[in-house]
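Subject: A structure for you to look at

Hi there,

Here is the structure I promised to pass on.

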Amino acid sequence: MKHYLSINDIDSLTIWVDEAIALKKDPYQFKELGKQKTICLLFFNNSLRTRLSTQKAAMHLGMNVMVMNFGSEGWSLEYGDGTIMDQGTSEHVKEAAQVVSQYCDIVAIRAFAKLIDKSKDEAEEVLNGFAKYATIPIVNMESSIAHPLQALADAITLKEFQPKTKPKVVLSWAPHPKALPHAVANSFVEMMKLQDAEFVITHPKGYELNPEITTGCKIEYDQDKALENADFVYVKNWSSYVDYGNVLTLDSGWKITKEKLGHAKFMHCLPVRRNVVVEDAVLDGDQSLVIEQANNRTYSAQIVLKKLLEKL
């Protein structure tokens, strides 16, 4: 594995999950692996869990950590080839990526979709620009279309709380006042396609995700029907993919309640808008796994960094 850009960069999800769970029991067991190695975290967008968990993971491995909030502290970057840079951009990714490569051993990047131009978002110009020109491994800390660190943490959480051999897992859309990206949902779907589980996606019509990603998945437009006998309910909002980046409905009937949840465990990547996406009674109840998921973000990042360090 040269980079960790997608959940599909994992050669064996089962092995990685088991190794991550073992790391939790002794987080510092590989503290010499990252000794005298440095990771640089570049944030083009805000973060809480991703920033702190990735830093903690690197510290567990003995790494030095540098953090830069690129959106407010760095030069505006150009990504196009042959561009005449006489407008707003000050530096090209060709130079920026090569310069960063001289300062650290791994670079991790967080750069969200702008939800304006679908083709531009799907081109992943920030992530792919660095991957193209950097000479060191790249880790995706959430990009326009993927959040593989979150998906790996979700896989760890599912394994830890799995009630039976083949659980029923439901990914449910929920209302949100803002248009949100597809990255978390995309990577969760890709991760679930690697699992031995009954998997169902439910959302209002018009909120279909990229069909190339959901190929082979069961899609149910009746949320109540989808939730029947679920073991895990993963809730996330995303904007329309077909009517790209738009909010088509704010139907509060899709909010998750204790009644809807039934006996299932509740999952969400956080942050979450209380009493819009999910009611307080669910988040504050003993069926909620959101804090456990957040904790597992450290170990998903740690297993990724461990794999990359072993190749350096």
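Gln36 is exposed, because its relative accessible area is 72% and anything over 50% counts as exposed. Please keep in mind that this is a predicted model. You will find Gln36 in the loop between helix H1 (13-25) and strand S1 (38-43). Its phi is near 65°, a positive value in a residue other than glycine.

Asn229 is another one to look up: its phi is near 60°, also positive in a residue that is not glycine. Asn229 sits in the loop between helix H10 (223-227) and strand S10 (232-236). With a relative accessible area of 69%, Asn229 is exposed.

Next, go to the peptide bond between Leu270 and Pro271, which is cis, with omega at about 0°. Most peptide bonds are trans. Pro271 belongs to the loop between strand S11 (265-267) and helix H12 (280-283).

Now for Val139, in strand S6 (residues 138-140). Is Val139 buried or exposed? Its relative accessibility is 2%, so Val139 counts as buried. Beyond its neighbours within four places in sequence, Val139 is in contact with several residues, among them Tyr4, Ile106, Leu149 and Leu308. Val139 and His3 are 136 residues apart in sequence, yet their C-alpha atoms are 6.1 Å apart in space.

Enjoy exploring!

Best wishes

Conventions:
Residues numbered from 1 in each chain as written. Predicted model: local features only at pLDDT ≥ 70, side-chain atom pairs only at ≥ 80, totals over all residues. Heavy atoms only, no water. Helix = DSSP H or I, 4+ residues; strand = E, 2+ residues; numbered from the N terminus. Buried < 20%, exposed > 50% of the residue type's maximum accessible area, 1.4 Å probe, protein only. Contact = heavy atoms within 4.5 Å.
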